[in-house]
Amino acid sequence: MQHKPYWLINVRLEVGYQYDNDIVTGTNTEQFHIRVEDGKIAEMVLADEPIEDHLPKQDAKGCLLLPSFRDMHIHLDKTFYSGPWKAPTVPTQGIFTRLEEEKELLPKMQPFAEDRAKKLIDLLLSAGTTNIRTHCNVGPIEGMKNLEATVRAKEAYKEKANLEIVAFPQQGLLRSGSYSYIREALQNGASIIGGVDPASIDGNIEKSLQQTMELAVENNKGIDLHLHEPGHLGIFTMKRLIALTEEAGWQGRVNISHAYALADISCQEAEEMAVLLAHHGISITSTVPMGKTIPIPLLKEKGVSVSLGDDSIIDHWSPFGKGDSLAKAGRLAERFGLSDERSLGQALGYITGGITSLDEQGEFMWPQPGDAADYVLVDASCTAEAVARRSPRNAVFFKGKIVSEDK
């Protein structure tokens, strides 16, 4: 859908860092007018320059403009959000308790799955997220019903957000015999192949990873593997996935979610793994957990693309979650001591696909004419403040159109 061109006036943009003896002490900003056309930024002029056409104007009133956010790991299809309160049961067998619960729980939740997915998307939009990767259960328990509900939600929100669906065999690709279900899901709305813990759930690392890669190559799709397995078991699994990625020529098309094993090894081993992951274009998604956080800044330093996600939000796995990617970036900054102006500003890149207003040298990066008009108006003086203080989001735009607004 094409939207009429307009001017977004009095927008605050970052234009460089403030320095004192080569130390960054703050961020310089200026106000601009931005012309939006066909869902893209068409023109930018300083706010003191007159606008000579008669296009409609929307006044940003000096709010800071940031690129819209990405939640790269969430489960829209099995949330309690917007429904009655229910805390998880006490796990007696860890993950297997949850898997047994899903056999009875998910069929009961399916009548509400589409509506709750939409409500959760609304929550994400209100926090500034317009790019969402959701892992959707498919297999003998769910059939295609969770996927169908998620696809309907995706279609309903196609003018508000980019939504990509991972076909996720929660009960295990081998353990539940979900191979044919994944293949069917890829033909009916899913665009990525998921997986989970090839050793502890599937019981066969090699066969599980081989079948996952086979599905990827056969269907020309990417991979996003949940990997909770700790220590050298998890590292061994990563190395086998790296080898299969190289054999298949699937560099740049594989992501590992969680990757907890990277938190269990020495700094030297983590550096070696980071170099391997970067060389093969394997990205990592983290939820920045409070208890066991992988070395995210180290991974970035070595060239690994790292994104953040929420994972479970108010479901039978976890009663927590706010759906706020900016808060995730703030937690990451706290966890790793990213407290100076430059580090806080650069932390935004973890939730924007690497886009920041300024590069690490303080040169202007974003926005530029031709960029997608996907952005957030934030009540903050600069990116560093927005990340540190989780600043309020006043309006969220997707393809130039307001999709959420703080009334």
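Modeller: Glu-101 is found in helix α1, helices being DSSP runs of H or I of at least four residues and strands runs of E of at least two, both numbered from the N terminus. This is a predicted model, in which local features need pLDDT of at least 70 and side-chain atom pairs count only at pLDDT 80 or more, while totals for chains, interfaces and linings use all residues. Residues are numbered from 1 along each chain as its sequence is written, and side-chain values use heavy atoms, with hydrogens and water left out.

Leaving aside residues up to four places away in sequence, Glu-101 touches Thr-89 and His-316, where contact means heavy atoms within 4.5 Å. The side chain of Glu-101 also meets that of Arg-98 in a salt bridge at 3.2 Å, N to O, the term requiring a side-chain nitrogen of Lys or Arg within 4 Å of a carboxyl oxygen of Asp or Glu. Because Glu-101 and Arg-98 are 3 residues apart in helix α1, about one helical turn separates them. Arg-98 is buried, with a relative accessible area of 6%, buried meaning under 20%, exposed over 50% and partly exposed in between, with a 1.4 Å probe and protein chains only.

A further salt bridge joins Lys-78 to Glu-102, with the closest N and O atoms 2.8 Å apart. Lys-78 lies in the loop between β6 (69-74) and α1, and Glu-102 in helix α1, so the pair ties together parts that are 24 residues apart in sequence. Both Lys-78 and Glu-102 are buried.
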